[in-house]
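Here are some questions and answers for a first look at this structure.

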Amino acid sequence: MGILGLSKLIADVAPEAIKECELKHLFGRKIAIDASMCLYQFLIAVRSEGAQLTSVDGETTSHLMGTFYRTIRLVENGIKPVYVFDGKPPTLKGGELAKRAERREEAQKQLQAAEEAGNVEDVDKFNRRLVKVTKQHGEEAKQLLTLMGIPFIDAPCEAEAQCAAMVKSGKVYATATEDMDALTFGCNVLLRRLTFSEARKMPIQEIQYDKVLNGLGLTRDEFIDLCIMLGCDYTTSIKGVGPKRAIELIKNHKSLEKILENLDTKKFPVPEDWNYKDARQLFIEPEVKDPEEVDLKWNDPDEEGLVKFLCGDKQFNEDRVRNGAKKLLKARHTGTQGRIDSFFKVLPSTNGTPAKRKAEDKKTAAKKGKTTGGGRGRKPK
């Protein structure tokens, strides 16, 4: 689910935090991709005559088709992807998972009704609602990525949290996911639409975390509390409090504790045993692998291994698979100039305020002018 209404709130209140770009503008970047989100998108989108692609024995292959060709496209554009897979869900997510199961059960009933009525449009709609990324989908995707020479990480818990930790450590540039809670975990740069932007002819959205905080006028802790109020995977939200009222309350009271002290609970009933403190702690200190201990290596593809894995029963075209492997190999060994910003590191300032730094710069310039004879080309005597 992510964070309800957060993307619209940022677009309305802090539009400067969002910029649009094309795939080519991410040349030279290492990007952590939320694998489960990615596989879900491919299971929904990669279809033939409205149905998912399957092997000869009826096993779904849409997730492999999407992963194979989209990853090649990323690599051809000079991007170094690393896929991050979900681990065990946190205990607090149990309520959200139960709700999803209920929605799937309802969708199953509606699908049966649509099939009996012969409503093709509704059949397709409810079939998509029943799509679920399984453990088998994930294991097959990992096998494919290994053969392609693309690294992946098994997160101990939430993939978005692991991606955010990788970005904050400088291991990768950005997180690619549609879930806005990557920002709640403190991800510096969030990329949306990365894996389907060209297919849907939509630009990639790049959202800068520091600009989100500045635009909303919030600290990190206030932003986390705002996200909990909007609605997250870990707890229920306060009934009747929408995005506009939520940010107003946070700005006035600064924390959920203070909000609860001043809230008209008759008008805005607070959930019983509201576990917002546990949800907050999950966002502040999520369970992740230490990014410094994660070794990312991009290797040459195994062409014969890819043919053996994808062709035959899975019914991929051998010529296309071999061509894809060659594209990966060429992109990996083509000499490309790195991004110029990768050669520089911004250091924290030690000169105090901007005004003070400006004054120091003027003094330095004045001294330099005296040493060089006022800058007129004369050598010092």
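Ala, Val, Leu, Ile, Met, Phe, Trp, Tyr, Cys and Pro count as nonpolar, Asp, Glu, Lys and Arg as charged, and the others, Gly among them, as polar. The model is predicted.

Q: How do the residues lining the largest cavity divide into nonpolar, polar and charged?
A: The lining includes Ile33, Met37 and Leu191. Asp34, Glu178 and Arg193 are also among the lining residues. The division is six nonpolar, three polar and three charged.

Q: What is the volume of the largest cavity?
A: The model has three cavities of 30 Å³ or more. The volume of the largest cavity is about 50 Å³.

Q: Which helix gives the most to the lining of the largest cavity?
A: Strand 2 (30–34) and helix 2 (35–45) are the elements that give two or more residues to this lining. The most, three residues, comes from helix 2.

Q: How is helix 9 oriented to helix 10: roughly parallel or roughly perpendicular?
A: Helix 9 spans residues 209–216 and helix 10 spans residues 220–230. Their axes come within 10 Å and cross at roughly 85°. Angles of 65 to 115 degrees count as roughly perpendicular. Therefore helix 9 is, to helix 10, roughly perpendicular.

Q: How many residues of the contact of helix 9 with helix 10 are charged?
A: Helix 9 brings Tyr209, Val212, Leu213 and Leu216. They meet Arg220, Phe223 and Leu226 in helix 10. Six of the contact residues are nonpolar and none is polar. The charged count is one.

Terms used. Residues numbered from 1 in each chain as written. Predicted model: local features only at pLDDT ≥ 70, side-chain atom pairs only at ≥ 80, totals over all residues. Heavy atoms only, no water. 1 Å grid on protein atoms, 1.4 Å probe; cavity = no way out; pocket = protein on both sides within 12 Å on 5 of 7 lines; lining within 4 Å. Points joined across faces, edges and corners; volume = space filled by probe spheres on them. Helix = DSSP H or I, 4+ residues; strand = E, 2+ residues; numbered from the N terminus. Axes fitted to C-alpha atoms, helices over the stretch in contact; angles between N-to-C directions. Parallel < 35°, antiparallel > 145°, perpendicular 65-115°, else oblique. Contact = heavy atoms within 4.5 Å.
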